[in-house]
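Visitor: I'd like to go through this model with you, starting with the strands and then moving on to pockets and packing. Could you show it first?

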Amino acid sequence: YGANPLVVAAGIAMFEAVEQENLLDAAKRKSAYILEKAGELQRQFGIVEAVRGRGMMIAIELSVPGKPIVNAAMQRGLRVNCTQDTVLRLLPALTITTAEIDEAFETLIEAMKEAEGKLVTT
């Protein structure tokens, strides 16, 4: 398990790609954009209590269980994680594009509308 040459070469290549493609600066910009989009969710849906993030890990805290939203998003092809029963966690790839972020939030809005509608009717 020690210094396997293939693993070392892969690690070096990863660090070089992060530097050459300026992924850290891009991640900061994308994170800010995602937080902005999540803030719009908070203004649109009364069930969103808070939005927070660290790097590309974003949390959307809900006042209701998140499982119905996770399920509705999954049915639409968007994978969202729910922790502590009421926190949606978004973990996008560093290489995500703005268009993909927009598409993901459109899908999340649809999922939240569906889940919110079920909460109102039950």
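Visitor: Which residue in β4 does Ala59 stand opposite?
Guide: Ala59 stands opposite Arg89 in β4. Before going further, note that this is a predicted model, in which local features need pLDDT of at least 70 and side-chain atom pairs count only at pLDDT 80 or more, while totals for chains, interfaces and linings use all residues. Residues are numbered from 1 along each chain as its sequence is written, and side-chain values use heavy atoms, with hydrogens and water left out.

Visitor: And how are you defining strands and pairing?
Guide: Helices (H or I, at least four residues) and strands (E, at least two) are DSSP runs, numbered from the N terminus, and two strands pair if DSSP finds at least two bridges between them.

Visitor: OK, how many bridges join β2 to β4?
Guide: Four bridges join β2 to β4, which covers residues 87-90, and the two strands run antiparallel.

Visitor: What about β1 and β2, in which sense do they pair?
Guide: β1 (residues 48-54) and β2 (residues 57-62) pair in the antiparallel sense, over six bridges. Among the facing residues, Arg52 has Ala59 in β2 as its bridge partner, and Gly53 stands opposite Ile58 in β2. The two strands form a hairpin with two residues between them, and Gly55 in the turn has a positive phi of about 65°.

Visitor: Switching to pockets, what volume does the largest one have?
Guide: The largest pocket has a volume of about 280 Å³. Of the 14 residues that line this pocket, Leu78, Arg79, Leu90, Leu91 and Pro92 are the closest to its centre. A pocket here comes from a 1 Å grid over the protein atoms alone: where a cavity is a set of points at which a 1.4 Å probe fits but cannot get out, a pocket is an open set with protein on both sides within 12 Å along at least five of seven lines, and lining residues have an atom within 4 Å of a point. Grid points are joined across faces, edges and corners, and a volume is the space filled by probe spheres set on the points.

Visitor: Which element gives the most to that lining?
Guide: That is α4, with four residues; β4 and α4 (98-121) each supply at least two. By class, the lining has eleven nonpolar, one polar and two charged residues, where Ala, Val, Leu, Ile, Met, Phe, Trp, Tyr, Cys and Pro count as nonpolar, Asp, Glu, Lys and Arg as charged, and the others, Gly among them, as polar.

Visitor: Which residues line the second largest pocket?
Guide: Its lining consists of Arg52, Gly53, Arg54, Met57, Ile58, Ala59, Thr83, Gln84, Val87 and Arg89, and the elements that give two or more residues to it are β1, β2 and β4. The lining divides into four nonpolar, three polar and three charged residues, around a space of about 160 Å³.

Visitor: What does Leu62 contact, beyond its neighbours within four places in sequence?
Guide: Taking contact as heavy atoms within 4.5 Å, Leu62 touches Ile47, Val48, Glu49, Ile69, Thr86, Leu88 and Met112. Leu62 and Leu88 are 26 residues apart in sequence and 7.6 Å apart in space, C-alpha to C-alpha.

Visitor: Where is Ile69 found?
Guide: Ile69 is found in helix α3 and is buried, with a relative accessible area of 1%. Leaving aside neighbours within four places in sequence, Ile69 is in contact with Ile47, Leu62, Leu88, Leu108, Ala111, Met112 and Ala115.

Visitor: Which residues touch the most other members of the largest nonpolar core?
Guide: Of its 27 residues, they are Ile60, Leu62, Ile69, Leu88, Phe105, Leu108 and Met112. The elements that give two or more residues to this core are α2 (23-44), β2, α3 (67-75), β4 and α4, and the largest share, six residues, comes from α4. A nonpolar core is a set of buried Ala, Val, Leu, Ile, Met, Phe, Trp, Tyr and Cys residues joined through side-chain atoms within 4.5 Å.

Methods: Buried < 20%, exposed > 50% of the residue type's maximum accessible area, 1.4 Å probe, protein only.
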